[in-house]
Amino acid sequence: MSGLVRPDLTEKLRGGVVYGTDLEAPGMLWGALVLAPPGVGRIHSVDLSEARARPGVVAIGAADVPRLVGGGPGDAERPPFPTETILYASQPVAAVAAPTLAEARAAARLVRLRAEASTAVTDLERVFPEWPGSGAGNSPSVAAHVRARHGDVDAALARASTVVRETYRTAGIHQVALEPHACLADGGPGAWRVRTSTQSPFGVREDVASILGIPESTLTVEGTWVGGGFGGKGASLLEPYALLLAAASGKPVRLALTYREEFLLGRSTLPAVIRFETGVAQGRIVARRVRLLLDVGASLPGRDFATGYSIGFLLGPYDTPAFEVEGYAVRTHKPPFGPHRAPFAPQCAFAVESHLDEVARVAGLDPVTFRADHLWTTGASTPLGQTVGAFGLPAALDAARRKAREWRATMPPGRGIGIGLGFWSTGTGAGGEVRLALGPRELVVVQGEREIGSGSVLVGVAEVAAHRSGLPRGRVRVEYRSTARAPFDSGVFGSRTTAVLGRAVEEAVGGLLSELARRCGVAGTARLVEEGDELAVEVDGRRRPVRELLTAAERDGEGVVAEGKFYGAGGAIDERRVEVGAFYGYSDFTGAAHVAQVDVDRATGAVRVERYAAFHDAGTVVDRPTATAQVEGGVVMGLGTALTEEAIWTDDGRLANPGLLDYRIPTLAEVPPIEVEFLEGFLGSGPRGAKGLGEPPIVPVPATIAAAVRDACGAHLTELPLSPERVARALKLV
Amino acid sequence: MTAEPASFRVNGRSVALDDVPGAERLLDTLRWRAGLKGTKEGCRTGDCGACTVLVDGRPTLSCLTLSHEAEGSAIVTVEGIEDDPVGRHVVAAFRDTAAVQCGYCTPGFVVALTGLFKERGAATPVPTLLDDLGGNLCRCTGYAAIARAVAAARERLR
């Protein structure tokens, strides 16, 4: 590998790239948010007078919003500041800005909130101690209710020789991008600008415009380099406040979260309770009943997408002739649920895999063989009635079983080996567009996604353009531009960049090559080649320098321009099986089988992962080193979900561990060696059959570790994370 | 809060400031007064390592160091790390192994590893180095590429 592989390496190693936290502007003010304390509800007043009395301080609250941006009314359902009732501890109730950060923080402490005491409910099992009864769908505590079914579940369960009922619980987790949210707003009415660390500049523009009631055309969002996203930087968070403060002060305003605030008001996956009832007869699953209570915090009713999407992952990836699935998105006094790398899928895979392991054992069957016997294959039908596309998970499982046998033969005594499966849909999400500019020496891909670290933009998109055009990757440059200057793109999330934006790139390059052939007077296909220091077009075995094919205007401007767009779509499900709410079809079926070897400390319950292997169907691998790095990173993030990461809320509504000391993510001192292998040939909808890879690597990890722990010591754990305390309890050590 | 003059050498150049508050952290002085933003601000509580700089050759968390504590010291940040013969090899090793994704933890890792080699020598076994880097967090790479960079840097220095 060399610096060419990652064009951002050199500058990042020099500390030379500008992240959101590095933003500053001449004459800027520093902003700070005023966060509501836990245990308050209805607002009496927010008194800003003391803060405003400080020299140089600007302070704003709900009452100031309408006059500040001068647009129409903003989205009434999600005002920047609550007007009547505080929905969760740490909800911003006011914002201040001052010439220094110290002055801003001091002023924030002078804002007086008067509000009624209110009992915070942060435990979703207190909202619904029993399964919600009929009519719960209309409860103000329910943000969404979904139900689907197929076949006669009760009759099938009655016939089953084995029925296993289990309940699983999963914890709230944080993304923990190392860079906290940060942005800087400036400009004025009609020409606002927000520079921000985001996965989706266009998404932020849409969000901010909607929240503040201003036309999107009056706002430019410019993405900075991003110090980690993982879903946490997909939607707007600080940008509306920064813009309001800039409007109030007439100066540029920088606003950043402290790391503590990052924990307190970032949006991520919240706790869940999952119940299963599975019946088996003659070694086959005959029916499954699945129920989900998903904590969605202060999510708005009717706007929850997570439940209907995530719940599908509790049904797969296994054949199930009869099923019933029902889920409730339950509102609590926490920040709203937000996406976290493959939102809620690792938790689903943990529950499904651990449960089917238990079902097999109760039925006297081998757990891995049992799963293999039911695993979807290409062309199978999902419980929701969608046809499974090219699916490499069975092949990945075969490879994982071989690896497990190999390790078992050399495993020291007392250790355990587990296999976990996970599937995910990639290639969906809204679309993307690109513009190409071919000059005499390079092909430039102009687009609106910021590289967030995975390499999907600077390597993935560049490699697709290089391969399609015929050029070496060093001749392709991917250029980021702001929302004012780039074609639309929905952002870096959902494992979509290489797969979806890559298709737009393929289309654009195809159009460019046709245009070049036409300029050469040939109707055939051209390709680009290097000739000396410059580029040439090769068509019908003849070469013409690109420079010769450019008009004078093109030589002075961007070069020959071509455009491409691609809007992916999810597959169709059988809507007759949906009774309540919305369920979603998948685009590419992407899967992975993982293997772990663990050692469990029989005195403390601590789990040490000794080695790990990941077998992935990612369709055609576009760039192997970058793909491998995605899997390594996803696996280790998943080890945190599996073993240590747990947001803890107290009964009085406080987040008890808003810091990296008490919310433990994996460190270099404890990660295992990881082997990565790709099973190719199961083609997706991306360029040359690629599938997305950003999210899938995290999905099977908690399931894999749980299976290995059970193999090592017999402990069957039904709650994430598998902390030493939980393992010790399962082993009856405490 | 009283502000007093502070002076140190940063990346070989003298930096003299006349009004550094007593409670100001070295991280903020470097980033906002000296304009050296390569040193990253992560947690500000000493848990993530992104702000690591060398103070008189020792890896130091600049978020937990008062600027006045560093009075008269020689400080090296990521911007100056390639001027150091050890640092140059560490950077090259990170580049060769592409041990960078979002890059936010990278300056801290590069500086911390350079300091470890300078303190302990290039013969330090890789597992010891990895253990000692346990205070530098990375959320992107899973540390796999970083572990490869550590081994590659050690090879270069031997």
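Which domains does the domain assignment of chain B give? The answer is domain 1, covering 3–79, and domain 2, covering 80–157. Please keep in mind that this is a predicted model. Chain A is divided into domain 1 (20–119 + 181–256), domain 2 (272–427 + 574–730) and domain 3 (432–566). The two chains also meet: 43 residues of chain B are in contact with 45 residues of chain A. Here is a tour, topic by topic.

**Where chain B meets chain A**

- On the chain B side, 43 residues take part, and they are in contact with 45 residues of chain A.
- Four helices of chain B, namely α2 (85–96), α3 (106–120), α4 (126–132) and α5 (144–157), each supply at least two residues of the side that touches chain A.
- By class, that side of chain B divides into 22 nonpolar, 12 polar and 9 charged residues.

**Inside chain B: domain 1 and domain 2**

- The C-alpha centres of domain 1 and domain 2 of chain B are 21 Å apart.
- Contacts between them involve 19 residues of domain 1 of chain B and 19 residues of domain 2 of chain B.
- On the domain 1 side, the elements giving two or more residues are β3 (52–55) and β4 (58–61) of chain B.
- The largest share of that side comes from β3(B), with 3 residues.
- The side of domain 1 of chain B that touches domain 2 of chain B has 8 nonpolar, 8 polar and 3 charged residues.

**Inside chain A: domain 1 and domain 3**

- For domain 1 and domain 3 of chain A, the C-alpha centres lie 38 Å apart.
- Here 16 residues of domain 1 of chain A are in contact with 14 residues of domain 3 of chain A.
- Both α7 (201–212) and β10 (219–223) of chain A supply at least two residues each to the domain 1 side of this contact.
- That domain 1 side has 5 nonpolar, 9 polar and 2 charged residues.

**Tyr241(A) and its surroundings**

- You will find Tyr241(A) in helix α8 (residues 239–249) of chain A.
- Is Tyr241(A) buried or exposed? Tyr241(A) counts as buried because it has 27 C-beta neighbours inside 10 Å, and the cut-off for a buried residue is 20 or more.
- Leaving aside residues up to four places away in sequence, Tyr241(A) touches Gly31(A), Leu33(A), Pro80(A), Pro92(A), Ala95(A) and Leu255(A).
- Val609(A) is 368 residues from Tyr241(A) in sequence, and the C-alpha to C-alpha distance between them is 43 Å.

**A six-stranded sheet in chain A**

- An open sheet of 6 strands in chain A runs in the order β7-β12-β13-β14-β6-β23, with mixed pairing.
- Its edge strands are β7 (162–170) and β23 (578–580) of chain A, each of which pairs on one side only.
- From one strand to the next, the twist averages 15°.
- Helix α11(A) packs on this sheet, where it touches β7 and β12 (272–281) of chain A, and its direction makes about 150° with that of β7(A).

**Helix α11(A) against helix α19(A)**

- The axes of α11 (residues 345–362) and α19 (residues 701–713) of chain A come within 7 Å and cross at roughly 35°.
- This crossing is right-handed.
- From α11(A), the contact uses Pro346(A), Ala349(A), Phe350(A), Glu353(A), Ser354(A) and Asp357(A).
- From α19(A), the partners are Val701(A), Pro702(A), Ala703(A), Ala706(A), Ala707(A) and Arg710(A).
- The residues of this helix contact divide into 8 nonpolar, 1 polar and 3 charged.

**Strand β16(A) and its neighbours**

- Strand β16 (residues 432–438) of chain A is largely enclosed by the rest of the structure, because 6 of its 7 residues are buried.
- With strand β22 (residues 560–566) of chain A, β16(A) pairs in the antiparallel sense over 7 bridges.
- One of these bridges links Val434(A) to Gly564(A) in β22(A).
- Strand β17 (residues 443–447) of chain A also pairs with β16(A) in the antiparallel sense, over 4 bridges.
- A hairpin of 4 residues joins β16(A) to β17(A), and Ala437(A) stands opposite Val444(A) in β17(A).

Technical notes: Residues are numbered from 1 along each chain as its sequence is written. Chains are lettered from A and ligands numbered from 1 in the order in which they are written. This is a predicted model: local features need pLDDT of at least 70, side-chain atom pairs count only at pLDDT 80 or more; totals for chains, interfaces and linings use all residues. Two residues are in contact if their C-beta atoms, placed from the backbone, lie within 7 Å. Ala, Val, Leu, Ile, Met, Phe, Trp, Tyr, Cys and Pro count as nonpolar, Asp, Glu, Lys and Arg as charged, and the others, Gly among them, as polar. A residue is buried if 20 or more other C-beta atoms lie within 10 Å of its own, exposed if 12 or fewer, and partly exposed in between; C-beta atoms are placed from the backbone. Axes are lines fitted to C-alpha atoms, for helices over the stretch in contact, and angles run from 0 to 180 degrees between N-to-C directions. A crossing is left-handed if the near helix is turned anticlockwise from the far one by less than a right angle, and right-handed if clockwise. Two strands pair if DSSP finds at least two bridges between them. Domain bounds come from an automatic or database domain assignment.
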